[in-house]
Amino acid sequence: MAKLKVGILGATGMVGQRFISLLENHPWFEVTVVAASPRSAGKTYEEAIGDRWKMTTPMPEAVKKLVVMNVNEVNEVASKVDFCFSAVDMSKDEIKAIEEAYAKTETPVVSNNSAHRWTPDVPMVIPEINTSHFDVIEFQKKRLGTTKGFVAVKPNCSIQSYTPVLTAWKEFEPTQVVATTYQAISGAGKTFKDWPEMMGNIIPFISGEEEKSEQEPLKIWGHIENGVIVKAKAPLITTQCIRVPVLNGHTAAVFVNFNKKPSSKEELIAKLREFKGFPQEHNLPSAPKQFIQYLEEDNRPQVTADVDYENGMGVSIGRIREDSLFDYKFVGLSHNTVRGAAGGAVLCAESLVELGYIAAK
């Protein structure tokens with residue numbers, strides 16, 4: 001098939017850059033438009049970025065000479081693309097407004113932003129878990145008055161290393177979860193060059209992150225009722241989110257109680273290794289072949305060894321063991337800007353193409 005034409009809204013920021021690097025040579029998608037704030041508009045992408053390219057791989061040649069468009073010129077940007085990825089850096093209200101404005105031009109928007117995550121008819125999806133939530137798009141289109149345009153979002157980066165695990169274990173009915181996340185600085189859009197005070201430092205607070213980490217899994221495990229997504233009531237999740245001096249990779253230390261206790265640690269490991277979903281069944285281009293890997297060594301997962309597992313799209317788990325206070329505990333690791341941000345959104349878009357929600361205009 002001819003490649004779909006893609007626009008990146010907020011193309012100059014760190015997540016925008018990650019989208020551009022991930023979409024280089026993508027079999028289905030081609031970046032044809034880069035859009036950013038008025039101050040970048042009119043420059044080539046290479047000029048607009050200057051020395052702020054934050055990826056470890058070089059800027060793809062195909063985008064260097066693209067002229068940056070003004071993200072606020074919605075009709076003009078939308079006329080040149082089949083759909084958009086959104087990574088704009090604005091206030092929540094501004095993000096909500098601009099993403100819906102693009103949707104109303106009949107341009108689907110797959111967003112990395114948090115602004116629409118709790119809009120009741122916007123699906124928030126980890127494609128291995130809840131692609132069925134895309135069904136709510138039909139209700140959203142009625143609200144927006146569109147036939148093809150809609151907004152879909154991916155969840156927060158902090159939950160990727162434990163939400164898939166708890167989903168794989170859902171038959172044991174998790175009732176209580178305590179998770180402490182150790183989050184990389186790229187989650188704040190920073191590198192060590194930008195944020196030297198993070199070297200050798202830990203900050204025990206990330207604004208808004210604990211609420212997201214506790215509540216977003218419940219929406220993912222929820223169901224559609226009367227045209228909106230109703231969040232699940234269980235398990236009860238409590239979290240602490242800590243910024244650590246790591247560039248990429250969010251680690252989580254997690255404790256779980258179950259309503260139905262598993263027969264053994266081996267049973268839990270088997271459930272992780274067997275777990276797959278829509279992306280694996282449909283062999284989507286960005287899908288990890290093995291979504292969750294379990295590592296037997298006591299000192300794994302480690303950021304340096306495991307963060308790029310399955311090109312950063314897989315989740316690495318280790319140290320499952322029985323606990324004195326809870327039933328079990330484990331350590332998880334996921335790549336926060338690949339699976340947790342741009343890569344997760346690309347996989348959502350591939351799922352939406354496969355399901356017929358995104359097509360050439």
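Contact here means heavy atoms within 4.5 Å. The model is predicted: local features need pLDDT of at least 70, side-chain atom pairs count only at pLDDT 80 or more, and totals for chains, interfaces and linings use all residues. Numbering runs from 1 along each chain as its sequence is written, and side-chain values use heavy atoms, with hydrogens and water left out.

**View 1. Phe330 in the largest nonpolar core.** A nonpolar core is a set of buried Ala, Val, Leu, Ile, Met, Phe, Trp, Tyr and Cys residues joined through side-chain atoms within 4.5 Å. Buried means under 20% relative accessible area, exposed over 50%, partly exposed in between (1.4 Å probe, protein chains only). The largest core has 50 residues; Tyr102, Trp169, Leu272, Ile317, Ile320 and Phe330 touch the most other members. Apart from it lies another core, of 46 residues, including Val6, Trp28, Phe278 and Leu284. Not counting residues up to four places away in sequence, Phe330 touches Ser161, Tyr162, Val165, Trp169, Ala252, Ala253, Val254, Val256, Ile317, Gly318, Arg319 and Ile320.

**View 2. Asp323 in a loop.** Asp323 sits between β13 (315–322) and β14 (328–334). Strands (E, at least two residues) are DSSP runs, numbered from the N terminus. Asp323 counts as buried because its relative accessibility is 15%. Its side chain makes a polar contact of 2.9 Å with that of Lys329. Such a contact is a pair of N or O atoms within 3.5 Å; within protein, one must be able to donate a hydrogen and the other to accept it, and residues adjacent in sequence count only if both atoms are side-chain atoms. Beyond four places in sequence, Asp323 touches Phe255, Tyr328 and Lys329.

**View 3. Gln183 beside Cys241.** Gln183 belongs to strand β7 (residues 174–183). Its relative accessibility is 0%, so Gln183 counts as buried. Gln183 and Cys241 are 58 residues apart in sequence, yet 7.1 Å apart in space, C-alpha to C-alpha.

View 4. A disulfide is a pair of cysteine sulfur atoms within 2.5 Å. The count by this rule is zero. Cys157 is in no disulfide; the nearest cysteine sulfur, that of Cys241, is 9.0 Å away. That distance is too far for a bond. Cys157 is buried, at 12% relative accessible area. Cys241 is buried too, at 1%.

How values were computed. Helix = DSSP H or I, 4+ residues; strand = E, 2+ residues; numbered from the N terminus.
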